[in-house]
Amino acid sequence: MKLFSTLIAVMLTFGSSSTVFANGEAIYKQVCMSCHSSGVARAPKVGDKAKWAPLIKEGQAILTAHGYVGVRGMPAKGGKPDLSVEHFAQATVYMVNQSGGAWKDPDVKMLKAIDVEIEARKIELAKKK
Ligand code: HEC
(Lines give C-alpha, C1' and ligand atoms only; values in the text may rest on other atoms or scores of the structure.)
Protein backbone atom coordinates (compact mmCIF):
# COMPACT_ATOMS: atom_id res chain seq x y z
CA MET A 1 0.00 0.00 0.00
CA LYS A 2 2.82 2.35 0.91
CA LEU A 3 4.52 1.59 -2.39
CA PHE A 4 1.27 2.18 -4.21
CA SER A 5 0.70 5.62 -2.69
CA THR A 6 4.32 6.53 -3.36
CA LEU A 7 3.81 5.57 -6.97
CA ILE A 8 0.71 7.74 -7.21
CA ALA A 9 2.59 10.65 -5.64
CA VAL A 10 5.42 10.26 -8.15
CA MET A 11 2.96 10.13 -11.02
CA LEU A 12 1.16 13.23 -9.79
CA THR A 13 4.42 15.12 -9.41
CA PHE A 14 5.53 14.08 -12.84
CA GLY A 15 2.19 14.96 -14.41
CA SER A 16 2.02 18.37 -12.82
CA SER A 17 5.63 19.23 -13.62
CA SER A 18 4.89 19.10 -17.32
CA THR A 19 2.24 21.76 -16.89
CA VAL A 20 4.45 23.89 -14.64
CA PHE A 21 7.25 23.93 -17.21
CA ALA A 22 6.40 26.01 -20.20
CA ASN A 23 6.01 23.98 -23.36
CA GLY A 24 8.84 25.91 -24.95
CA GLU A 25 11.26 24.77 -22.26
CA ALA A 26 10.35 21.11 -22.77
CA ILE A 27 10.83 21.39 -26.53
CA TYR A 28 14.10 23.26 -26.05
CA LYS A 29 15.39 20.49 -23.80
CA GLN A 30 14.37 17.76 -26.21
CA VAL A 31 15.40 19.28 -29.51
CA CYS A 32 17.54 22.40 -29.20
CA MET A 33 19.62 22.08 -26.05
CA SER A 34 22.19 19.72 -27.53
CA CYS A 35 23.54 22.60 -29.63
CA HIS A 36 22.29 25.75 -27.95
CA SER A 37 23.53 25.05 -24.41
CA SER A 38 27.13 24.52 -25.45
CA GLY A 39 27.33 26.55 -28.66
CA VAL A 40 28.01 23.67 -31.06
CA ALA A 41 29.00 24.95 -34.54
CA ARG A 42 28.70 28.56 -33.24
CA ALA A 43 25.09 28.18 -32.20
CA PRO A 44 24.11 31.20 -30.09
CA LYS A 45 24.30 29.92 -26.51
CA VAL A 46 21.24 30.29 -24.33
CA GLY A 47 22.00 32.97 -21.74
CA ASP A 48 24.62 34.74 -23.89
CA LYS A 49 22.89 38.11 -24.00
CA ALA A 50 25.51 39.75 -26.22
CA LYS A 51 25.06 37.06 -28.88
CA TRP A 52 21.29 37.16 -28.71
CA ALA A 53 20.78 40.96 -28.64
CA PRO A 54 21.18 41.48 -32.42
CA LEU A 55 19.09 38.36 -33.12
CA ILE A 56 16.29 39.54 -30.83
CA LYS A 57 16.34 42.86 -32.70
CA GLU A 58 15.41 41.07 -35.94
CA GLY A 59 11.99 40.54 -34.39
CA GLN A 60 10.05 37.44 -33.46
CA ALA A 61 8.51 36.65 -36.86
CA ILE A 62 11.75 36.98 -38.83
CA LEU A 63 14.11 35.29 -36.38
CA THR A 64 11.75 32.38 -35.78
CA ALA A 65 11.19 31.93 -39.52
CA HIS A 66 14.90 32.01 -40.35
CA GLY A 67 15.65 29.46 -37.65
CA TYR A 68 12.80 27.24 -38.81
CA VAL A 69 13.98 27.24 -42.42
CA GLY A 70 17.57 26.78 -41.26
CA VAL A 71 20.64 28.97 -41.49
CA ARG A 72 24.23 27.68 -41.95
CA GLY A 73 24.92 25.27 -39.04
CA MET A 74 21.34 25.57 -37.84
CA PRO A 75 19.39 22.63 -39.27
CA ALA A 76 15.83 23.30 -40.51
CA LYS A 77 13.27 22.69 -37.73
CA GLY A 78 16.14 22.09 -35.31
CA GLY A 79 16.80 18.82 -37.14
CA LYS A 80 13.40 17.38 -36.18
CA PRO A 81 11.41 17.08 -39.44
CA ASP A 82 8.02 16.77 -37.72
CA LEU A 83 8.44 19.81 -35.48
CA SER A 84 5.58 22.25 -36.04
CA VAL A 85 6.08 25.97 -36.54
CA GLU A 86 4.23 26.60 -33.28
CA HIS A 87 6.49 24.30 -31.27
CA PHE A 88 9.61 25.68 -32.89
CA ALA A 89 8.37 29.19 -32.10
CA GLN A 90 7.72 28.28 -28.45
CA ALA A 91 11.22 26.87 -28.07
CA THR A 92 12.62 30.04 -29.64
CA VAL A 93 10.64 32.15 -27.14
CA TYR A 94 12.11 30.11 -24.31
CA MET A 95 15.68 30.63 -25.56
CA VAL A 96 15.15 34.35 -26.19
CA ASN A 97 13.66 34.90 -22.75
CA GLN A 98 16.62 33.14 -21.11
CA SER A 99 18.92 35.44 -23.07
CA GLY A 100 17.72 38.97 -22.38
CA GLY A 101 14.47 39.06 -24.38
CA ALA A 102 10.83 39.24 -23.35
CA TRP A 103 8.83 37.53 -26.07
CA LYS A 104 5.42 35.94 -25.68
CA ASP A 105 4.37 32.50 -26.85
CA PRO A 106 3.08 33.00 -30.38
CA ASP A 107 -0.64 33.64 -30.82
CA VAL A 108 -2.52 33.01 -34.07
CA LYS A 109 -1.52 36.40 -35.46
CA MET A 110 2.18 35.86 -34.75
CA LEU A 111 2.05 32.34 -36.21
CA LYS A 112 0.63 33.80 -39.42
CA ALA A 113 3.39 36.42 -39.53
CA ILE A 114 5.98 33.65 -39.04
CA ASP A 115 4.43 31.62 -41.87
CA VAL A 116 4.66 34.63 -44.19
CA GLU A 117 8.35 35.07 -43.30
CA ILE A 118 9.01 31.34 -43.82
CA GLU A 119 7.61 31.54 -47.35
CA ALA A 120 9.57 34.74 -48.06
CA ARG A 121 12.76 33.13 -46.77
CA LYS A 122 12.27 30.02 -48.92
CA ILE A 123 11.83 32.16 -52.05
CA GLU A 124 14.91 34.20 -51.14
CA LEU A 125 17.01 31.05 -50.66
CA ALA A 126 15.73 29.48 -53.90
CA LYS A 127 16.83 32.59 -55.83
CA LYS A 128 20.37 32.32 -54.49
CA LYS A 129 20.84 28.83 -55.91
C1 HEC B 1 22.55 20.63 -34.66
C2 HEC B 1 22.68 21.78 -33.81
C3 HEC B 1 21.46 22.66 -33.58
C4 HEC B 1 20.22 22.29 -33.11
C5 HEC B 1 19.73 20.91 -32.69
C6 HEC B 1 19.45 23.51 -33.03
N7 HEC B 1 20.18 24.58 -33.46
FE8 HEC B 1 19.55 26.53 -33.60
N9 HEC B 1 21.36 27.07 -34.34
C10 HEC B 1 22.44 26.22 -34.55
C11 HEC B 1 23.56 26.98 -35.10
C12 HEC B 1 24.92 26.42 -35.45
C13 HEC B 1 23.11 28.31 -35.24
C14 HEC B 1 23.89 29.51 -35.78
C15 HEC B 1 23.67 29.59 -37.28
C16 HEC B 1 24.51 30.69 -37.88
O17 HEC B 1 24.12 31.85 -37.75
O18 HEC B 1 25.54 30.38 -38.46
C19 HEC B 1 21.73 28.33 -34.76
C20 HEC B 1 20.93 29.46 -34.77
C21 HEC B 1 19.62 29.52 -34.29
C22 HEC B 1 18.78 30.69 -34.30
C23 HEC B 1 19.18 32.06 -34.86
C24 HEC B 1 18.85 32.07 -36.34
C25 HEC B 1 19.37 33.27 -37.06
O26 HEC B 1 18.62 33.83 -37.90
O27 HEC B 1 20.53 33.67 -36.84
C28 HEC B 1 17.59 30.33 -33.75
C29 HEC B 1 16.36 31.23 -33.53
C30 HEC B 1 17.68 28.94 -33.41
N31 HEC B 1 18.92 28.47 -33.76
C32 HEC B 1 16.66 28.23 -32.82
C33 HEC B 1 16.71 26.85 -32.58
C34 HEC B 1 15.61 26.11 -32.00
C35 HEC B 1 14.29 26.72 -31.57
C36 HEC B 1 16.01 24.81 -31.93
C37 HEC B 1 15.22 23.62 -31.44
C38 HEC B 1 13.87 23.47 -31.90
C39 HEC B 1 17.38 24.73 -32.46
N40 HEC B 1 17.75 25.99 -32.83
C41 HEC B 1 18.13 23.57 -32.57
C42 HEC B 1 22.49 24.86 -34.26
C43 HEC B 1 21.43 24.09 -33.79
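**Labels and their grounds**

Mentor: This is a predicted model. By class, the shell around the ligand holds 16 nonpolar, eight polar and two charged residues.

Trainee: What makes a residue part of the shell around the ligand, and which come nearest?
Mentor: The test is a C-beta atom within 6 Å of the molecule. There are 26 residues around the ligand, and Cys32, Cys35, Gly67, Gly73 and Gly78 come nearest. The elements giving two or more residues to this shell are helix H2 (23-36), helix H4 (60-69) and helix H5 (85-97).

Trainee: Which element gives the largest share of the shell?
Mentor: H2 does, with six residues.

Trainee: How do you know whether H2 is straight or bent?
Mentor: Start with its length. A straight helix of 14 residues would span 20 Å, at 1.5 Å a residue, but the end C-alpha atoms of H2 are only 17 Å apart. Then take the angle between the axes fitted on either side of a residue. At glutamine 30 this gives a bend of about 55° in H2.

Trainee: What does the same length test say about H5?
Mentor: The 13 residues of H5 should span 18 Å at 1.5 Å a residue, and the end C-alpha atoms are 18 Å apart, so the two agree.

Trainee: Why are some residues of H2 called buried, and which are they?
Mentor: The label needs 20 or more other C-beta atoms within 10 Å of the residue's own. In H2, Gly24, Ile27, Tyr28, Cys32 and His36 are buried. H5 is among what covers them.

Trainee: Which residues of H5 are buried, and what covers them?
Mentor: Buried in H5 are Phe88, Ala89, Gln90, Ala91, Thr92, Val93, Tyr94, Met95 and Val96. Their cover includes H2, helix H3 (49-57), H4 and helix H6 (108-128). Over the protein chain, 23% of the 129 residues count as buried.

Trainee: What makes the order of elements α-α-α-α-α-α?
Mentor: The chain has six helices and zero strands, and the order is read from the N terminus on.

Trainee: How far can the predictor's confidence be trusted to be even along the chain, and where is it below 50?
Mentor: The mean pLDDT is 89, and 83% of the residues reach 70 or more. Over residues 13-20, however, the pLDDT is below 50, and this stretch has one contact in the model beyond near neighbours in sequence.

Terms used:
Residues are numbered from 1 along each chain as its sequence is written. This is a predicted model: local features need pLDDT of at least 70, side-chain atom pairs count only at pLDDT 80 or more; totals for chains, interfaces and linings use all residues. Helices (H or I, at least four residues) and strands (E, at least two) are DSSP runs, numbered from the N terminus. Ala, Val, Leu, Ile, Met, Phe, Trp, Tyr, Cys and Pro count as nonpolar, Asp, Glu, Lys and Arg as charged, and the others, Gly among them, as polar. pLDDT is the predictor's confidence in each residue, from 0 to 100. Two residues are in contact if their C-beta atoms, placed from the backbone, lie within 7 Å. The expected span of a helix is 1.5 Å times one less than its number of residues. The bend at a residue is the angle between axes fitted to the seven residues ending there and the seven starting there. A residue is buried if 20 or more other C-beta atoms lie within 10 Å of its own, exposed if 12 or fewer, and partly exposed in between; C-beta atoms are placed from the backbone.
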